[in-house]
Amino acid sequence: MTDLSGLRTPGPTIIALTEPFWKGGEEGHLMIQRCRSCGRVVFYPRAICPHCWSEDLAWEQASGRGRLKSFSEVHKPGHPGWLPVTPYVVGLVELEEGPTMLSHVLAAGRPPKVGDTLVMEPTDIGGRILPAFRLE
Ligand SMILES: [Zn+2]
């Protein structure tokens, strides 16, 4: 597996709304929101439910499992800090709970393919523990 810990990459911009997501990732949990009004799952973090407009959203731990919907092998990263590990894979992960998230897909012994089952892997990227996904 590629060591990403020494990268000099920009980290996430953490605000009060998103802090539970990033803090959960540091602790090895994938956190998502659920609307207490309509019961649907919400991701990315929001102040208002996109399904029913309720402001009554609560955080819960997701399974951390998902399916690779699509991916891209990045050869020219958007930030030069990623150059030492090119090419790398970024994928759209459909979480078991429903929402789709964009994430780094960790290198494995074979190239990923659409439909692969992925599991969240807390990963040291540039000195910060962030949620990434690996092949199951
Ligand atoms: Zn709702």
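Visitor: Which residue in β7 is the bridge partner of Arg-65?

Guide: The bridge partner of Arg-65 in β7 is Val-119. The model is predicted, so local features need pLDDT of at least 70 and side-chain atom pairs count only at pLDDT 80 or more, whereas totals for chains, interfaces and linings use all residues. Residues are numbered from 1 along each chain as its sequence is written, and side-chain values use heavy atoms, with hydrogens and water left out.

Visitor: What makes β4 and β7 a pair of strands?

Guide: Two strands pair if DSSP finds at least two bridges between them. Strand β4 (residues 65–74) and strand β7 (residues 117–125) are joined by 3 bridges in the antiparallel sense, and they therefore meet the criterion. The strands themselves are DSSP runs of E with at least two residues, and helices are runs of H or I with at least four, numbered from the N terminus.

Visitor: How do you know that β7 also pairs with β8?

Guide: The antiparallel strands β7 and β8 (residues 128–135) are joined by 8 bridges, against the required at least two. In one of them, Leu-118 has Leu-135 of β8 as its partner. The two strands form a hairpin with 2 residues between them, and Gly-126 in the turn has a positive phi of about 65°.

Visitor: Why are β2 and β3 called edge strands?

Guide: The open sheet has 3 strands in the order β2-β1-β3, with antiparallel pairing. β2 (41–42) and β3 each have a single partner strand, so one side of each is left without a neighbour in the sheet.

Visitor: Which residues of α1 are called buried, and how do you know on which side they lie?

Guide: Phe-21, Gly-24 and Gly-25 of helix α1 (residues 19–26) are buried, meaning under 20% relative accessible area (1.4 Å probe, protein chains only), with exposed over 50% and partly exposed in between. They cover an arc of only 100° around the axis, which puts them on the same side of α1; the arc is that of the directions from the helix axis to the C-beta atoms. These buried residues pack against β1 (31–35), β3 (57–61), β6 (100–105), β7 and β8. Just after α1, Gly-28 takes a positive phi of about 90°.

Visitor: Why is Asp-124 called partly exposed?

Guide: Asp-124, in strand β7, has 30% relative accessibility and therefore counts as partly exposed. Setting aside residues up to four places away in sequence, Asp-124 touches Leu-4, Ser-5 and Ile-129, where contact means heavy atoms within 4.5 Å.

Visitor: What makes up the lining of the largest pocket?

Guide: The largest pocket holds about 440 Å³ of space. Of its 16 lining residues, Trp-22, Trp-82, Leu-102, His-104 and Leu-130 are the closest to its centre. A pocket is an open set of points on a 1 Å grid over the protein atoms alone, where a 1.4 Å probe fits, with protein on both sides within 12 Å along at least five of seven lines; lining residues have an atom within 4 Å of a point. The largest share, 4 residues, comes from β6. By class, the lining has 11 nonpolar, 4 polar and 1 charged residues, where Ala, Val, Leu, Ile, Met, Phe, Trp, Tyr, Cys and Pro count as nonpolar, Asp, Glu, Lys and Arg as charged, and the others, Gly among them, as polar.

Conventions:
Grid points are joined across faces, edges and corners, and a volume is the space filled by probe spheres set on the points.
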